[in-house]
Amino acid sequence: MSASRSEATDEALMSRFQGGDRHAFTLLVRRHQSPLYNFVLRHLRSPPAAEEVVQETFVRVLQNATGFMQASRFTSWMYAIARNLCIDVLRKQGQRRHPSLDEPTQTEDGPGTTLGERSADGRTNVERAAVSTEIRERLLSAVEQLPEEQREVFLLREMSNLPFKEIAEVVGAPENTVKSRMRYALERLQAALSEFEEYARALR
Amino acid sequence: MDCDKFESAIMDELYGELDEVTSAAVKRHLASCSRCANLFGGLRATRRVAVLPRVEPPPGLERSILSHVDIALRVVPFRRRAAQAVSVAGSWAMRPQTAMAAVFLVMLGASVLLLRGRSSRAPASAEMTVTQEGTPAPAAPSTAPLSAATDFAPPLGPLAQNERLGEVKAAAPPVAAGSPAQEPPTATPRARTFAKAPPPSPGGEATKASPARDLTVAAAPAATPIAPSPGAAQGGRSMPVAQAEKPESSDVVGADLAAARSLRDTRGCRAAIARFDDVARRSAGTPAGWDALLDSAMCCRFIGDNAGAQTRLNALLNVESYKERARIELEKLDRTPQGQPR
């Protein structure tokens with residue numbers, strides 16, 4: 001996530017941290033923990049695993065701070081670390097599949113809230129209010145069914161708001177390939193959402 | 001802009017990553033191309049709707065991250081600390097004072113090593129003499145005085161000389177003080193040099209005189225090879241020195257003897273007698289010396305010099321292992337007329 005003009009850039013904060021300013025690192029954590037956590041959570045579908053990966057990501061950033069080159073972007077570097085950790089976790093889990101964030105959990109009173117809803121802090125966000133619960137569930141289901149390479153590009157673009165160039169650095173693919181994957185992902189979601197009235201309204 | 005170019009720019013336009021000029025061109029194309037406009041409209045509507053709900057991270061995530069980071073900072077900064085240590089050590093190592101101190105220590109250590117090495121070889125109080133060749137040798141015992149009485153030995157007769165040759169000279173005879181052969185027994189090379197070279201003689205005869213061994217058969221077949229001529233008194237002086245020579249190593253003597261025998265085989269006995277006598281003189285008292293003396297006697301008899309042969313064989317009669325052979329050869333010699341080569 002890029003900083004506003006009034007704020008120091010990520011790279012400037014890293015430079016200050018390399019010079020011994022511990023507070024600069026705290027600022028980096030505050031700035032990136034939320035989008036990073038969302039990206040990892042959608043990737044791993046497990047809040048405890050996501051929390052652990054986010055912690056480990058910042059520890060790796062700290063450990064490799066001396067090797068960070070100012071010429072590269074901090075966000076692409078950090079997300080590459082997080083992505084690799086996610087891949088490691090998924091590999092370790094093997095066949096064990098975490099419950100979907102959007103599957104309602106079974107309670108004594110019947111189907112309850114989804115894991116995604118319980119993970120959220122309950123504050124309503126404007127964008128979520130704009131779409132109905134039904135279309136949101138369909139959207140989440142469609143995102144989960146995306147091929148892995150399209151899903152990670154979609155998450156990095158839509159949740160972490162990384163530009164295509166940085167996504168290409170994170171996933172290690174050419175920028176045009178990343179754009180193609182993003183377009184295929186949007187076309188799949190379009191097919192899944194086309195029957196909903198909200199989608200029709202958005203077309204106008 | 002045509003449809004192909006629009007296709008390549010559609011994602012950038014959708015996410016606002018195009019520059020203004022290209023974005024304006026895309027918009028103009030969309031205004032004129034309904035197919036591309038429908039395509040772009042569908043993707044834009046999907047993007048508006050497909051907004052994933054944001055999940056707020058757990059409240060303690062930041063604190064948890066920072067505590068993990070603190071732990072990592074305490075445990076991990078080894079690399080950074082190591083780099084700082086290397087940097088500090090390098091800055092100290094590059095100072096001139098450090099270099100000078102290192103040189104001083106090297107010099108000090110080398111001095112200590114040299115001093116210890118010398119003291120371990122020989123105690124400082126040990127008495128030591130240095131010979132001409134520079135090899136340290138223990139000092140000669142003061143109880144072995146140099147004899148001045150025996151140095152000028154009277155010229156020996158042929159028999160007496162050969163008898164002296166026949167003796168196994170385990171102990172070197174005393175040498176004359178003031179003579180060139182006055183060197184202590186350890187100075188063998190020097191003594192040998194004097195023995196070989198004709199010493200300067202006060203009389204004019206000295207120029208004609210030569211050392212005893214150079215007077216050998218080659219000059220006068222009738223003369224005994226070892227007997228010095230009366231004018232060779234100076235050579236006689238050198239004889240004890242020559243006899244005082246240490247027997248050479250068996251390898252050298254063996255090689256000389258073989259060379260003499262080879263000379264005898266190729267150039268005849270007349271040429272080889274001198275070589276045999278030389279070997280016999282230099283290795284007197286050794287089996288090789290006796291062999292050389294026997295070969296010399298055989299050669300003398302071969303060329304008809306019965307007197308020379310007799311002299312040499314008589315010398316061998318004193319040697320136990322050669323006595324029988326010498327006696328047989330002397331009997332043969334008696335049956336052979338003088339001057340008649342075999």
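**Burial and backbone geometry in chain A**

In this predicted model, V40(A) is buried because 28 other C-beta atoms lie within 10 Å. A residue counts as buried with 20 or more other C-beta atoms within 10 Å of its own, as exposed with 12 or fewer, and as partly exposed in between; C-beta atoms are placed from the backbone. V40(A) sits in helix α2, residues 22–44 of chain A. Helices are DSSP runs of H or I with at least four residues, numbered from the N terminus.

Residues are numbered from 1 along each chain as its sequence is written, and chains are lettered from A in the order in which they are written. Local features need pLDDT of at least 70, side-chain atom pairs count only at pLDDT 80 or more, and totals for chains, interfaces and linings use all residues.

Beyond its neighbours within four places in sequence, V40(A) contacts A50(A), V53(A), V54(A), A82(A) and C86(A). Contact requires C-beta atoms, placed from the backbone, within 7 Å. L155(A) is 115 residues away from V40(A) in sequence. The C-alpha atoms of V40(A) and L155(A) are 9.2 Å apart.

Two loop residues were examined for backbone geometry. Most residues other than glycine have a negative phi. R45(A) has a positive phi, near 65 degrees. R45(A) lies in the loop between α2 and α3 (47–63). R45(A) is buried, since 20 other C-beta atoms lie within 10 Å.

N161(A) also has a positive phi, near 60 degrees. Its loop runs between α8 (148–158) and α9 (164–171). N161(A) is partly exposed, with 13 other C-beta atoms within 10 Å.

Conventions:
Two residues are in contact if their C-beta atoms, placed from the backbone, lie within 7 Å.
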